[in-house]
Amino acid sequence: MTTDVTASRDEILAAVAARQADTEELLIELVAAPTVLGDELPGQLVMRDAFEALGLPTRMQALDAAALAEHPLASPFSWDMSGKANVVADWDPTPGSERGGSSLILNGHIDVVAPGPADMWASPPFAPRRDGDWLYGRGAGDMKCGLAAYVGAVAGLRALGLAPLAPVQLQSVVEEECTGNGAVQCVIDGRSADAVVVTEPTSLMIQRSQVGVLWFQVVVRGRPAHAGDAPIGGNAIEASFPIVAALRALEAELNVTPPAPYDVFEHPINLNIGMLHGGDWPSTVAAEAILHCRLALFPGESVGDLRARIEQTVAHAATALDGFGVSVRYDGFACEGYTLDVSSPVIAELAGAAEATTGEPPALVASTATTDARQWALHAGTPAICFGPHAEHVHSIDERVWLPSVLHCAQALALFIASWCGLSQS
């Protein structure tokens with residue numbers, strides 16, 4: 001532990017709190033940018049301006065499709081990568097100053113999932129709406145609140161004239177919601193660090209474990225026919241139903257004996273049928289149906305093994321579908337899970353900073369989802385955890401974040417930087 005002798009805990013907390021309005025304004029501006037897949041740039045330009053306003057050297061980091069296609073951590077992708085970029089800023093020790101402490105990466109993602117039907121929302125999903133201490137809008141929780149929080153933390157420390165004794169890098173990445181390849185680009189291009197904190201919305205708990213995730217598609221091809229002659233056709237949409245049932249049976253098998261720390265969950269491995277595309281005309285027997293699916297796997301299990309089980313399950317179900325062609329293909333997430341040991345120093349340091357902020361020790365939790373934290377842990381054994389504000393209804397309707405938790409997260413991160421990295425007068 002590196003102690004800070006240039007500013008007290010109370011001074012750091014007050015400095016971050018003094019910039020609460022700026023932090024919330026940044027969050028509002030980010031939520032107003034509809035950064036769905038393929039349209040991330042407007043939000044990244046907001047983050048570039050925020051990093052530059054901190055006085056930090058900032059650069060756009062283009063995604064290299066060729067390099068990603070060859071990297072073992074990258075997930076497969078079928079879409080165009082041109083124009084996609086992360087935003088990276090370096091907060092380095094003052095030249096000629098004392099060196100010490102441990103280096104750090106603060107990471108968050110700018111991309112958001114599609115909002116769904118706008119008329120299901122109480123207000124337009126990309127029109128940020130404040131109601132008391134809650135801010136509503138797609139991405140408010142997952143995870144633009146985390147981006148705003150770590151900017152607020154650094155802003156408070158810099159306002160006190162402080163600089164880290166070890167390098168800190170700020171990263172705003174793309175593609176977290178579909179591949180994680182934005183973070184992989186940081187691994188390819190970026191410096192290493194002694195720890196990574198991803199500011200996902202964890203309700204100020206420390207997330208130390210996450211499942212792996214595999215996206216796959218099941219393609220069913222039938223026999224098109226005029227609806228008036230439907231009995232001679234083979235409806236691909238209807239043929240997909242027993243395949244879903246077979247995949248549900250596989251899901252049940254995968255949940256029989258969950259290992260720690262997932263044994264506290266009743267159902268940690270979830271299959272999701274996220275999209276179904278099928279047919280091309282109401283009066284034509286559907287020739288094709290494509291199921292877009294997501295299935296999780298426990299840390300320590302391999303993506304290859306899960307692929308094999310999915311393919312076996314689908315193939316067995318297809319044997320009962322006479323005259324139909326069935327295949328499995330992959331696009332998007334193909335990543336393993338990981339767990340950080342509870343004895344890792346980064347957990348103790350961040351827990352101390354969180355308790356000093358809120359007065360309560362944070363719980364250590366596991367996630368039944370995946371995050372970009374895995375990229376550093378699986379690539380170089382770098383300890384990586386998630387810690388962020390309190391959000392509700394993420395990936396759902398009327399997503400929202402509790403604004404006081406954004407401040408508390410920023411304050412805890414500032415204290416953590418002081419403890420983990422060490423600080424000196426800049």
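Helices and strands here are DSSP runs, numbered from the N terminus. Keep that in mind for every element I name. One more point before we start: this is a predicted model.

Most residues other than glycine have a negative phi, and most peptide bonds are trans.

Take H395. H395 sits in the loop between β18, residues 391–392, and β19, residues 400–402. Its phi is positive, about 60°, although H395 is not a glycine. Is H395 buried, partly exposed or exposed? Relative accessibility is 46%, so H395 counts as partly exposed.

Next, L204. This leucine lies in the loop between β8, 196–198, and β9, 206–210. Phi of L204 is near 65°, again positive in a residue other than glycine. The setting of L204 is buried, because its relative accessibility is 17%. The cut-off for buried is under 20%.

Now the cis peptides. Which bond comes with omega near 0°? The one from A260 to P261, and it is cis. P261 belongs to the loop between α7, 236–254, and β11, 271–278.

The bond from D142 to M143 is cis as well, with omega near -10°. M143 is not in a loop: its place is in helix α5, residues 140–159.

On to helix packing. Two packed helices are described by the angle between their axes and the distance between the axes. The pair to look at is α1, residues 9–17, and α11, residues 403–420. Their axes come within 9 Å and cross at roughly 140°.

Now the surface. L41, L45 and M60 make a nonpolar patch of about 220 Å². L41 is in helix α3, residues 41–53. With a relative accessible area of 43%, L41 is partly exposed.

E29 is in helix α2, residues 20–31. Its relative accessibility is 44%, so E29 is partly exposed too. How far apart are the C-alpha atoms of E29 and V256? The separation is 45 Å, and the two are 227 residues apart along the chain.

Terms used
Residues numbered from 1 in each chain as written. Predicted model: local features only at pLDDT ≥ 70, side-chain atom pairs only at ≥ 80, totals over all residues. Heavy atoms only, no water. Patch = residues over 30% accessible without salt bridge, like charges linked within 9 Å, V, L, I, M, F, W, Y side chains within 5 Å. Areas by Shrake-Rupley, 256 points an atom, 1.4 Å probe, with all protein chains shown as cover. Salt bridge = Lys/Arg side-chain N within 4 Å of Asp/Glu carboxyl O. Helix = DSSP H or I, 4+ residues; strand = E, 2+ residues; numbered from the N terminus. Buried < 20%, exposed > 50% of the residue type's maximum accessible area, 1.4 Å probe, protein only. Axes fitted to C-alpha atoms, helices over the stretch in contact; angles between N-to-C directions.
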